[in-house]
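Subject: Structure for you to look at

Hello,

Please find the structure below, with its sequence. My notes come after it.

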Amino acid sequence: MRILLIEDDEKVARAVSTGLQAEHFAVDRVPDGVEGLDAARLGSYDLVILDLMLPGLNGTELLKRLRQVNSNVPVLILTARDAVAEKIANFEAGADDYLTKPFAFAELVVRVNALLRRGGTKRTTVIKIADLEIDRTQHTVRRNGSGIKLTAKEYSLLEYLALNAGRVLSRSMIVDHVWDQSFDGLTNIVDVYVRQLRSKIDEPFEQPLIHTVRGAGYYVGDKTL
């Protein structure tokens, strides 16, 4: 599942994104309201986590504008503001849930999972490529009927590749999507994780699904490009 986190507090954003990535979610972080609205409009997200006090464009106005173009993606408000009138105003603007800072991370995960189960967007919950199945709700992977245990980062990498099946993704694209910003420029980490994925996804089976395009990147598919 892919989550857009629009939060200008670096400490909070890093803690939330790191925690959600450990729960097998892919997280894109944006610190500005204007940039966040563009990302929400242009990206394909399963959930948006939105702070209210944002530079450029406040969260409430961002939410109103987002609902004008996308009425389905679930939005969880994450803010220090706890006035009842403000909560009502944001629910009326289109929020699906509201969590007040400070909060327990376990509660955030429960709310995120509840919103994703409830749905809203028409999204693919099970990805199938040949005999490979990825359940995006349960975060499980099976091939030829057998379960495959992956780490959080391996799962995020496989899900990103599978969501873009047949499309070559560069190492920089993969780092930007799957890894925290602290990995900026360390694109060789992708090669390490692809090797680990291949040892679990491809090597025990006859047909390879993870492919390398020399000088360009990687893709997942049952056919050679």
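What follows is a short account of strands, helices, rings and backbone.

This is a predicted model, in which local features need pLDDT of at least 70 and side-chain atom pairs count only at pLDDT 80 or more, while totals for chains, interfaces and linings use all residues. Residues are numbered from 1 along each chain as its sequence is written, and side-chain values use heavy atoms, with hydrogens and water left out.

Strands β1 and β2

Helices and strands here are DSSP runs, numbered from the N terminus (helices: H or I, at least four residues; strands: E, at least two). Strand β1 (residues 2-6) runs parallel to β2, and five bridges join them; two strands count as paired if DSSP finds at least two bridges between them. Within this pair, Arg2 stands opposite Ala26 of β2. The charged end of Arg2 also sits over the ring of Tyr45, 4.3 Å from the ring centre (the criterion is NZ of Lys or CZ of Arg within 6 Å of the ring centre and within 35 degrees of the ring normal).

Five of the five residues of β2 (residues 26-30) are buried, so this strand is largely enclosed by the rest of the structure. Buried means under 20% relative accessible area, exposed over 50%, and partly exposed in between, with a 1.4 Å probe and protein chains only. Both faces of β2 are covered, with Ala26, Asp28 and Val30 on one side and Val27 and Arg29 on the other.

The open sheet

Four strands make an open sheet in the order β6-β7-β8-β9, with antiparallel pairing. The edges are β6 (126-129) and β9 (146-148); each has a single partner strand, so one side of each is left without a neighbour in the sheet. On average, neighbouring strands of this sheet are turned by 25 degrees against each other, direction ignored. β6 is joined to β7 (residues 132-135) by four bridges, and Ile129 stands opposite Leu132 in β7.

Two loops of this sheet hold a residue with positive phi. Ala130, in the loop between β6 and β7, has a phi of about 55 degrees although it is not a glycine; at 45% relative accessibility, Ala130 is partly exposed. Asn144, in the loop between β8 and β9, has a positive phi near 55 degrees, again in a residue other than glycine. Asn144 is exposed, at 56% relative accessibility.

Helices

Helix α6 (residues 152-163) lies across β6, β7 and β8 (140-143), at about 110 degrees to β7. Axes are lines fitted to C-alpha atoms, for helices over the stretch in contact, and angles run from 0 to 180 degrees between N-to-C directions. Contact means heavy atoms within 4.5 Å.

The axes of α7 (residues 171-178) and α8 (residues 188-201) come within 9 Å and cross at roughly 80 degrees. Arg171, Ile174 and Val175 in α7 meet Ile189, Val190 and Asp191 in α8.

Aromatic pair and cis peptide

One aromatic pair turns up in a search of the whole structure. The ring centres of Phe91 and Tyr98 are 6.1 Å apart and the planes are at 45 degrees, so the pair is tilted. Rings of Phe, Tyr and Trp (its six-membered ring) pair if their centres lie within 6.5 Å; planes under 30 degrees apart count as stacked, over 60 as edge-to-face and the rest as tilted. Phe91 is partly exposed at 38% relative accessible area, whereas Tyr98 is buried at 7%.

Lys101 and Pro102 are joined by a cis peptide bond, with omega about -5 degrees. Pro102 lies in the loop between β5 (97-100) and α5 (105-118).

Regards
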